[in-house]
Structures are given as C-alpha cells and as structure tokens.
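Subject: The structure I promised you

Hi,

Here is the structure we talked about, ready for you to open.

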There are 2 protein chains.
Amino acid sequence: MSSDLRSFTEVDRLLHEPARLMIVTLLAVVAEADFLFLLNQTGLTKGNLSAHLSKLEAAGYVEINKSYRGKIPITLLSLTPTGMDAFNTYRKQLRGIIARISD
Amino acid sequence: MSSDLRSFTEVDRLLHEPARLMIVTLLAVVAEADFLFLLNQTGLTKGNLSAHLSKLEAAGYVEINKSYRGKIPITLLSLTPTGMDAFNTYRKQLRGIIARISD
DNA sequence: TCAGTATGGTTTGCAATGCAAACCAGTTTG
DNA sequence: CAAACTGGTTTGCATTGCAAACCATACTGA
C-alpha cells in the first residue's frame with residue numbers, strides 16, 4: 001500500500017458519480033443513443049437523467065442533439081472526444097485506486 | 001459489457017467518496033491510527049477529516065476513541081468489523097464496475 | 001505572569017449535489 | 001374534444017463536501 005492515497009482525490013468527480021458513469025459507459029459503446037434508451041438502460045428517473053446529461057454537456061463530455069423523428073421530439077446523445085478522453089482517464093484512475101485498496 | 005450497469009448505483013456511497021475511502025483504506029491496514037496521522041496521510045483539512053470521521057462513526061464503520069496522551073488530547077480511530085465488511089464489499093463492487101467499464 | 005503560539009480538534013457557513021415530484025408542450029387515442 | 005401518452009425540463013429540498021473560523025488546553029519566553 002503505497003502512501004499516495006492522495007491520488008484518490010484526483011479522480012474525476014463528474015464520472016465518479018455512478019449515474020453519470022452509467023451514462024458515459026453506455027455512450028462509449030453505442031456512439032449515439034436517444035434519451036429514452038438511456039432512460040431504460042440506466043433506470044434513472046427522467047428528471048435525474050436530464051440533469052445529469054446537462055451536467056455532462058456543460059463539461060463538454062456529451063453532445064445533446066434535439067430534433068424530431070416524425071412529429072415526436074427526440075434527443076440524441078453522443079460522447080465527445082473530450083468525453084471519451086475523460087472516460088479513459090477515469091478508467092485509469094479507478095484501476096489505480098483498485099490496485100491500492102486491493103493489496 | 002453486460003447491460004447491468006444499474007449495479008453501479010448500488011455502490012456504497014459512504015466509501016465511494018475518495019476522502020473517506022482514503023481514511024478507511026488506511027485504517028484497514030494500520031488497525032489503529034490517531035487523528036494527526038490520518039491528517040498527514042490524507043492531506044485533508046482538519047475540519048474535513050473530523051466531519052468525515054463523524055460520518056463514518058455514524059455509519060458504524062469506525063470507532064472514535066478520545067483520550068489523553070500525557071496532557072494532550074488524542075483521538076484514536078479504528079475500523080469496526082462492520083467497517084471492514086463494508087470495505088470488502090466496496091472493493092468487490094468496485095472491481096465489478098471496473099470489469100464492466102473495461103471491455 | 002502573562003502574552004503569544006502550538007496542539008488537537010469541532011462548529012459554522014455556504015455553494016454545489018443528487019434525487020423525485022411536479023410540471024409542460026405537443027401528440028395520439030377513444 | 002377530453003383523456004392519456006410521449007419526451008422531456010424545472011422546481012424544491014435535504015444532504016454533501018469543503019475551508020475558514022473558532023475553541024479549549026498546553027507550552028514558551030520575556
């Protein structure tokens with residue numbers, strides 16, 4: 001157990017939140033998803049999902065694209081390159097944490 | 001990537017907080033530590049450390065023992081069995097998350 | 001002796017968070 | 001044309017994480 005536990009606090013708090021990690025993990029795989037797909041996969045409430053997406057958008061991690069599919073509104077979400085980078089960095093950080101708490 | 005991302009939200013929020021994870025990780029190793037040791041190792045501010053310890057105590061994860069070393073007050077912290085269990089569970093959960101975001 | 005500083009913490013103040021309920025605009029159905 | 005559904009956003013609120021301020025006691029030096 002190296003004493004540099006302090007690195008724990010460097011973890012990306014935006015992605016450390018489980019709800020947002022779910023979202024980003026999904027977007028990392030599917031490239032593009034609509035709001036309702038995320039809603040179903042994550043089990044979040046709509047309000048909650050909406051709020052998390054806004055936060056991810058504010059951070060530049062996801063792109064929110066509103067349009068219409070026929071007459072019904074549809075919101076398409078995708079991970080930006082910045083978001084993908086952040087996700088990869090977070091994975092690394094988390095593996096570092098695991099390594100330190102697992103000895 | 002199994003779609004059971006929802007398990008992400010089951011993670012123990014108390015330990016998911018990096019500051020508290022540092023504390024518990026330390027206590028898991030050293031068995032007993034005083035306040036100032038934790039202060040140095042974690043790099044937290046005193047107020048912060050105090051607050052996190054209170055929270056961990058409220059959850060039954062750590063025991064707080066105040067006494068005197070000579071004439072100066074000393075606060076000894078130790079992980080309870082409950083806390084150790086929670087720590088082990090959290091490790092498992094975190095490994096599960098890692099596995100799901102790493103494919 | 002008593003002002004100043006150090007030790008070992010706790011309390012306070014505050015902005016930011018996560019969550020669900022309420023809400024809203026538009027669309028389809030009976 | 002009222003009711004219910006779709007696809008979300010906004011609101012309200014309790015909880016958090018953080019640092020600064022504070023507090024009690026002990027030691028130090030002039």
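First, some housekeeping. This is a predicted model, so local features need pLDDT of at least 70 and side-chain atom pairs count only at pLDDT 80 or more, while totals for chains, interfaces and linings use all residues. Residues are numbered from 1 along each chain as its sequence is written, and chains are lettered from A and ligands numbered from 1 in the order in which they are written.

Chain A on its own

Chain A has five helices and three strands; these are DSSP runs numbered from the N terminus, with helices being H or I of at least four residues and strands being E of at least two. Starting at the N terminus, the order of elements is α-α-β-α-α-β-β-α. The C-alpha trace of chain A spans about 60 × 25 × 20 Å along its principal axes. Of its 103 residues, 29% count as buried (20 or more other C-beta atoms within 10 Å of the residue's own; 12 or fewer is exposed, in between is partly exposed, and C-beta atoms are placed from the backbone).

Inside chain A, have a look at helix H2 (residues 18–30) and helix H3 (residues 35–42), which pack at an angle of about 125° with their axes 10 Å apart. Axes here are lines fitted to C-alpha atoms, for helices over the stretch in contact, and angles run from 0 to 180 degrees between N-to-C directions. That makes H2(A) and H3(A) oblique to each other (under 35 degrees is roughly parallel, over 145 roughly antiparallel, 65 to 115 roughly perpendicular, and the rest oblique). On the H2(A) side the contact has A:Ala19, A:Met22, A:Ile23 and A:Leu26, which meet A:Leu38, A:Gln41 and A:Thr42 of H3(A); a contact means C-beta atoms, placed from the backbone, within 7 Å. These residues divide into five nonpolar, two polar and no charged (Ala, Val, Leu, Ile, Met, Phe, Trp, Tyr, Cys and Pro are nonpolar, Asp, Glu, Lys and Arg charged, the others, Gly among them, polar).

Where A meets B

Each of the two chains, A and B, puts 24 residues into their contact. On the chain B side, helices H2 (18–30), H3 (35–42) and H5 (81–101) each supply at least two residues, and H2(B) gives the most, with seven. That side of chain B has 13 nonpolar, seven polar and four charged residues.

The H5 helices of the two chains also pack together, at an angle of about 150° and with axes 10 Å apart. Among the residues making that contact are A:Leu94 and A:Ile98 from H5(A), and B:Leu94 and B:Ile98 from H5(B). Six of the contact residues are nonpolar, none polar and four charged.

Around the DNA

Which residues come nearest to DNA strand C? Of the 22 around it, they are A:Gly47, B:Phe35, B:Gly47, B:Ser50 and B:Thr75, where near means a C-beta atom, placed from the backbone, within 6 Å. H4(A) gives the most to this surface, with five residues. The surface as a whole has nine nonpolar, six polar and seven charged residues.

B:Lys55 counts as partly exposed because it has 16 C-beta neighbours inside 10 Å. B:Arg20 is 35 residues from B:Lys55 in sequence, with 9.1 Å between their C-alpha atoms.

Cheers
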